[in-house]
Amino acid sequence: MKPAVLTGAHYITGDEACAEGALAAGCKFFGGYPITPATEVAERMSERLPEVGGTFIQMEDEIAAMASILGASCAGVKSMTATSGPGFSLMMENIGLGIVTETPCVVVNVQRAGPSTGLPTMGAQADMMQAKWGSHGDYEIIALAPSSPQEIFYQTITAFNLSETYRLPVLIMTDEIVGHMSEKVVIPDAKDINILSRITPKGRKDNFKPFKPGPNGIAPMPAAGDGYKVHFTGLTHDEKGYPVMTVEAQAIMMDHLMNKIRNNLDKIILTEEYRMDDAEIVIVSYGVSTRTSLAAVDEARKLGIKAGLFRLITVWPFPEEQIRQIAKRVKGFITVELNLGQIHYEVQRCAGYRVPSYLVGHPGGTIISPDEVIKVLKEAF
Amino acid sequence: MPETSKKSLKSPVHPLDDLLRTDRIPHIWCSGCGTGTAFSSTLTAIKGSGLELDSVVMVSGIGCSGRAAGYIKLDSYHTTHGRAIPFATGMKLANPKLNVIVFSGDGDLFAIGGNHFIHAARRNMDITVICVNNLNYGMTGGQAAATTPFLAKTSTTTVGNPEAPFNLPLLAYASGATYIARWTILHTRDLTNSIIEALNKKGFSFIEVLSPCPVNYGRRNKEKSLDTLKLYQEKGIIKNNSNPADTDIDFEKGIILGKFVDVDRATCIENYDKTCRLV
């Protein structure tokens, strides 16, 4: 057996760093299906998982890949899949099953330009709303947006920790540019990596309720074979997991699914600020566009424009309250993202039209130049 | 009346109650439906298999038969439409000690889930797939399925099905299944024995169970539940080791039943351990 944590400095791609982050987090199962630009995650996992006592399987399609990681997780194993737009679309139904059965797992979307087959080898950030709303019905989801291979490594660990803590699929919304970019990635000692795992039940096994929240609001989750005789279903269910086809049961279950996230926003939402102290114009960005935005802020400052960056690490749940507070003290917002306006509308909604909000977007296939941000900064403010 | 029967009349205890979520009974299956019979054969087989009960897991998809996972008092997972097999695949790979049964219907396993079936058989995933074949989509009111006989009437083929059905044992055989049997719910003892064999067999096992759907399929094809059972009795021909290519269901000429395939081939997990883990 080889170590799961490859401590040391590496020059690897974002996709490879993602795989290493998963292994460091304790992932032992990957169900995948090849798709550009996410294939390298699967390739790395196919080599590395058997080395650390895990299992890799290439499934027959992304629907099966998503179903397999839910099955593996229900058997008590941390599991992951990685895909891109078309595959992400196919995974949507089973992501919903993961949400309603509260099954932890991590889904990586290395975004490429769409719709449909789009630009398979070229990046975009145009699946951000699909990440929030793509599966049918209401739900809360957690989605992270790394902007470098080093960040992918850490955020993959964070994604596993969040999914295990809150019992739900967690999405890593990276993109082709970060996924295929090679940079230095430093992997720390295993002892310095904080790993969280689902709480498992203790005590009586008869009449166990696998959906009865514990003191922290999350139900302990036994694995298949542990003897708790659980029932999981995609149907609306009660705390025992039994289907209940009533308005009341639906309301109770939905309340739980929404509130386990909404009541923990302070613990889930991760953001970063750059030159925000005296900023008058705030650039909101995430993922690869963070890199554009950092350069734009420095360039603007040279021009005497007081710009700052509010960077989303978790895009979902959206940091509504933070944007509301910032809106009270600034002249306006510019959202920089590789799509034609997705998170921009969230910013606009939360800023409440108190101040103007602009989009620097792009149909995808390349990164946004800082010059385009500067142009809007100059023209709009 | 023997004394044991008198006793059972007093307290409503069934010998399979320990494997049932009795707090979920009555079940949803219509009177005359065969799913319950296939389900109780499965429970009897689980008991008779000698397997550690905590290691037995039932996974199902969507549809009438898919509800079985909600009635068995073992770890049970009622998944999405057609996706029971890949869910079961992930579960088995994550913990090879589990004995995973997929119990679902013909629509679920062979139309929406057909791709997963052939790939799990190709890989020789060590799971047991029990398909209750009632020739139509019962849960949604009796639409044509991939198993509906040519010219049979359903709610979406009111003048007769223009398509040909799958021969499920042949499909399983061509895909690589290592154990294949077909029974009807009239042949409960044979069915139970087959399930016991399948549960104790390494590799991908497939058992098709023909089952009446009097409310939807039967009504439109002038077949009461008893008529269907009589058909099974009169037209059923037990012919073990039949060539799967010869097992097309023909309700006029005869329905070939029996154990058709029982061969050995390295399982998905055995091959993975031998190839990938030794590098």
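Domain bounds in this report come from an automatic or database domain assignment. The structure is a predicted model, in which local features need pLDDT of at least 70, side-chain atom pairs count only at pLDDT 80 or more, and totals for chains, interfaces and linings use all residues. Residues are numbered from 1 along each chain as its sequence is written, while chains are lettered from A and ligands numbered from 1 in the order in which they are written.

**Domains of chain A**

Chain A comprises domain 1 (8–192) and domain 2 (271–380), and their C-alpha centres are 26 Å apart. Contact here denotes C-beta atoms, placed from the backbone, within 7 Å.

| Domain of chain A | Residues in the contact |
|---|---|
| Domain 1 | 24 residues |
| Domain 2 | 21 residues |

On the side of domain 1 of chain A that touches domain 2 of chain A, α5(A) supplies the largest share, four residues. Helices (H or I, at least four residues) are DSSP runs, numbered from the N terminus.

**Nonpolar cores**

A nonpolar core is a set of buried Ala, Val, Leu, Ile, Met, Phe, Trp, Tyr and Cys residues joined through C-beta atoms within 7 Å; buried requires 20 or more other C-beta atoms within 10 Å of the residue's own, placed from the backbone. The largest such core holds 187 residues, of which V59(B), M91(B) and V102(B) touch the most other members. Helix α3 (residues 62–74) of chain A gives the most to this core, nine residues. Because domain 1 (8–192) and domain 2 (271–380) of chain A both give residues to this core, it lies between them. Another core, of ten residues, lies apart from it and includes W29(B) and C213(B).

Technical notes:
Buried ≥ 20, exposed ≤ 12 C-beta atoms within 10 Å, placed from the backbone. Helix = DSSP H or I, 4+ residues; strand = E, 2+ residues; numbered from the N terminus. Contact = placed C-beta atoms within 7 Å.
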